[in-house]
Amino acid sequence: MNLPAALNLMQPLDRQTLGERAYAKLADLLISGRLAPGEKLSLRAAADVLGVSIMPVREAVSRLVADKALEVTPNRSVRVPLMSVAQFRDLTKVRIAIEGHAAAEAAQHRTDSDLFSIAHAEQAMRSESELPAPDLPRAVEFNKRFHFAVYEAAQSPILFEIIRALWLKAGPVLNLDLRANPQRLAKGDAIRFHADVRLAISAGDGSAARQGIAADISSAADFILSRGDLAD
């Protein structure tokens, strides 16, 4: 599949930073759930949309394969890996531990600028969810912005990069599922947990911030597992 809808969301790259920016653009597609598990990626189509030769895209894809965010099939096509129930459960446990720790650190190290970014993302997702017909892709983007605003507030570049690597694997399942299932947004669990996390970080309560992120991750994981869409 050439993924025209997803790829058309990207802008052509500045030729001074081809390899790094190609990697960043493709990684964002994965983290944002714009590429689904099992979906194939055409290197030529990606290169055409980004306005570069195929070499920077090939380099970026090689890095993403090394990150285990993409895989090469026996027939040499590139696709987003399928995820089994066992892999998803394992990934969820790791995310709870690491992202919960980041939220606790954010409560101790956040700046006024961090608090503004967290509150802005939290309010944006809340406002979108309250519309009669929410724009699910926008809600997904606000959800990602909220989480990464929290993790940036931990003031740990190494921790942030670890979490980004986890979202490269989790994004295609988590965010695509939210985009496809409006009942998750309507139920309001994420909205409530996000508010809890924001308040905890604002109050400097690391334990409550950790618990709020853990609850948010667990609730989303339980919903996804209940649908039975993952591989055996």
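This is a predicted model: local features need pLDDT of at least 70, side-chain atom pairs count only at pLDDT 80 or more; totals for chains, interfaces and linings use all residues.
Student: Why is leucine 166 called buried?

Tutor: Its relative accessibility is 11%, and the cut-off is under 20%, so the label holds. Leucine 166 sits in helix 8 (residues 157-180); helices here are DSSP runs of H or I with at least four residues, strands are E runs of at least two, and both are numbered from the N terminus.

Student: Which residues is leucine 166 in contact with?

Tutor: Contact means heavy atoms within 4.5 Å. Setting aside neighbours within four places in sequence, leucine 166 is in contact with Leu91, Val94, Arg95, Ile98 and Glu99.

Student: Arg95 is charged; what makes arginine 95 count as buried?

Tutor: Arginine 95 has 5% relative accessibility, which is under the cut-off, so it counts as buried. It belongs to helix 5 (residues 85-109), and beyond its neighbours within four places it is in contact with Gly100, Leu166, Trp167, Ala170, Leu174 and Ile217.

Student: How do you know that aspartate 28 forms a salt bridge with lysine 144?

Tutor: A salt bridge needs a side-chain nitrogen of Lys or Arg within 4 Å of a carboxyl oxygen of Asp or Glu. The closest N and O atoms of aspartate 28 and lysine 144 are 2.8 Å apart, so the pair qualifies. This one links distant parts of the chain: aspartate 28 is in helix 2 (residues 18-31) and lysine 144 in helix 7 (residues 136-152), 116 residues apart. Aspartate 28 is partly exposed at 24%, whereas lysine 144 is buried at 11%.

Student: What meets glutamate 141 in a salt bridge?

Tutor: Lysine 144 does, at 3.6 Å from N to O, and arginine 145 does too, at 3.2 Å. Glutamate 141 and lysine 144 are three residues apart in helix 7, about one turn. Arginine 145 is four residues from glutamate 141 in that helix, again about one helical turn. Salt bridges with shared partners join Asp28, Arg34, Glu141, Lys144 and Arg145 into one network. The structure holds twelve salt bridges.

Student: What makes the phi of lysine 68 worth a look?

Tutor: Phi of lysine 68 is near 65 degrees, a positive value in a residue other than glycine. Most residues other than glycine have a negative phi. Lysine 68 lies in the loop between helix 4 (54-66) and strand 2 (71-72), and at 60% it is over the limit for exposed, so it gets that label. Glutamine 155 also has a positive phi, about 60 degrees; it is found in the loop between helix 7 and helix 8 and is partly exposed at 43%.

Student: Zooming out, how do you know that the radius of gyration of the protein chain agrees with a compact globule?

Tutor: The globule rule is 2.2 Å times the number of residues to the power 0.38, with the radius taken over C-alpha atoms. With 232 residues, the rule gives a value near 17 Å, and the protein chain has 18 Å, so the two agree. Those C-alpha atoms fill a box of roughly 50 × 40 × 35 Å along the principal axes.

Student: How many helices and strands does the protein chain have?

Tutor: Eleven helices and three strands. Buried residues make up 49% of the 232. Of the contacts with a separation of 6 or more, 77% join residues 24 or more positions apart.

Notes: Residues are numbered from 1 along each chain as its sequence is written. Side-chain values use heavy atoms; hydrogens and water are left out. Buried means under 20% relative accessible area, exposed over 50%, partly exposed in between (1.4 Å probe, protein chains only).
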